[in-house]
Amino acid sequence: MRPETACLLGCALWPSLAATRSIQQASFEDRCVQFRPESSVHNATRTELQFVKAGSRIALADNDPSCGTDGQAVTADLCRIALSIPTSNRSSITYEMWLPETWSGRFLATGNGGIGGCVEYEDLAYGTANGFATVGTNNGHNGTKGDDFYQNDDVVADFGWRSLHTSVEVGKKLTALFYGEAVSKSYFIGCSLGGRQGIHSAERFPDDFDGIVAGAPAVDFNNLYSSRARYFTITGAEGAPSFISAHTWQTTIHDEVLKQCDGIDGAMDGIIEDPTLCKFQPETLLCGANKEGDFLTDAQVQTVTKVFSNYLWQNGSMLYPAMQPGSEMLAAGGLYSGKAYGPSVGWFKFAVLEDPAWDPAHYTTDDALLAGRKDPGGIRTWPSSLRSFEGRGGKIVTHHGQQDQQITSFNSLRFYDHLAGGMGYTPAEMDRFYRLFRIPGMGHCGGGPGAWVVGQAGSSAVGGIPFDREHNVLAAVVDWVEKGVAPEALVGTKFVNDTVDDGIAYQHTHCKYPAKSTFKGGDRKATDVDSWECL
């Protein structure tokens, strides 16, 4: 056990073996209500202990309103445990553990999003539905803002790494006590910040997980948040000459993006299969160049050009990659909305600059430099090697939507190349432990016009697909870890109206990077799964 969490688990007496065996012989419901997890975690306070029947809806009336949920439906009989666990004399985590009656022997930790402190209850339900003992935390603070970071490095440390690692150490111990046997394999699933958490765990705590699903990982975190802060300085506020309305982004500009790039893959289906091949030229929309329909002013063309260009340091080196064409449909209401991006404001105000009065309109690369130097909570996550994780047999599957409106998918390619270069690996050697799947037509962690349901975290739609390695990214990493069968491709699903009950609209094969999903052409339909191949 690492010293960071030794006291949390080692400062209290564990229940006797006889007591544990007695609990095992009781009914599952009795075992649940008789369990006393707080006695095994130093200074922990139990806030919930309840047996929950399948088909029930757990009320979450005390959940922070900004987290956006006041209840969660469950599909498995389970024991719900909630604890408050101190991590220092001025910080603590809210810890949720859901233990299914039908247990596979597996353990699953779930990630978080943004700079938020929201337990991902939907992911807890997803894990238990598939037999995992599943845990989640509030990442050291409540709600989606960063106020609690202000002048409290312990809360920032919880956010950066300690909350997740503590949940794993506590979770594996409590799981073994509850079921009377040790965890067989340990997994993680998360997207965005959660994807970063998975990569960070593989680097810093390589023994925590056997398999990791890291969706749209927010790696190179400080530069990502600097890039997000910069968009407000590019677009300006509404009414500025550089500002572009959401309507114009979503019609005039998006239509021109598709006109220039949709057909590159051979299929005119409203989806850019590989945005790295799209070299969008916004000047075609300049007033005078476009004789019919809507047009852009010179200032607006410059806005589009900057959005789709890499963000560079003054010496010309990469600070953060450009947004990919296609992202404008949803980014129009977010990063390009003419308002400062809330999570970036919170991160800079409270964790980086420690200045609640900071004006995001005055953001410059000096702020980016400071964020990099300070690296609050060691959050950057930009490893050049994961040899320790690979050496113990660990596996990582990453997925990234090619219309991601919050984290450019180009950064996942950049990270892949960075990691491969640092380890001196060819793609074939990377395949031994790290695989990346690009998901065309998917937004940030989900949604979009593409076949985006691949078993990722944070979406109830995953319940509409089989839990198998062909269709489900979590099942794929399980089979890779436990059977040695590595995923070569993922079949994504698009539901009608993105609603499982409305049925499947179509499915699409998503390829393992660096292979590309290639349309076979002829009279085939782009929505037929057999019309594409990985080349």
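I note at the outset that the model is predicted. I began with the lining of the largest pocket, which I found to hold, by class, 16 nonpolar, 19 polar and four charged residues.

I then looked up the volume of the largest pocket, which is about 700 Å³. Of the 39 residues that line this pocket, I wrote down those closest to its centre, namely Asn112, Gly113, Gly114, Glu120 and Cys191. The elements that give two or more residues to the lining are α4 (121-129), β8 (185-191) and α7 (221-235), and the largest share, four residues, comes from α7.

In the largest cavity lies about 70 Å³ of space, and I found Glu273, Asp274, Arg438, Pro440, His510, Cys511, Ala515, Lys516 and Ser517 along its lining.

Which element gives the most to the lining of the second largest cavity? I found that α5 does, with six residues, and that α5 (153-179) and α6 (193-204) each supply at least two residues there. The second largest cavity contains about 60 Å³ of space, and the residues that line it include Asn139, Asp158, Trp161, His165, Arg196, His200 and Phe205. By class, I noted for this lining four nonpolar, six polar and two charged residues.

How values were computed:
Residues are numbered from 1 along each chain as its sequence is written. This is a predicted model: local features need pLDDT of at least 70, side-chain atom pairs count only at pLDDT 80 or more; totals for chains, interfaces and linings use all residues. Side-chain values use heavy atoms; hydrogens and water are left out. On a 1 Å grid over the protein atoms alone, a cavity is a set of points where a 1.4 Å probe fits but cannot get out, and a pocket is an open set with protein on both sides within 12 Å along at least five of seven lines; lining residues have an atom within 4 Å of a point. Grid points are joined across faces, edges and corners, and a volume is the space filled by probe spheres set on the points. Ala, Val, Leu, Ile, Met, Phe, Trp, Tyr, Cys and Pro count as nonpolar, Asp, Glu, Lys and Arg as charged, and the others, Gly among them, as polar.
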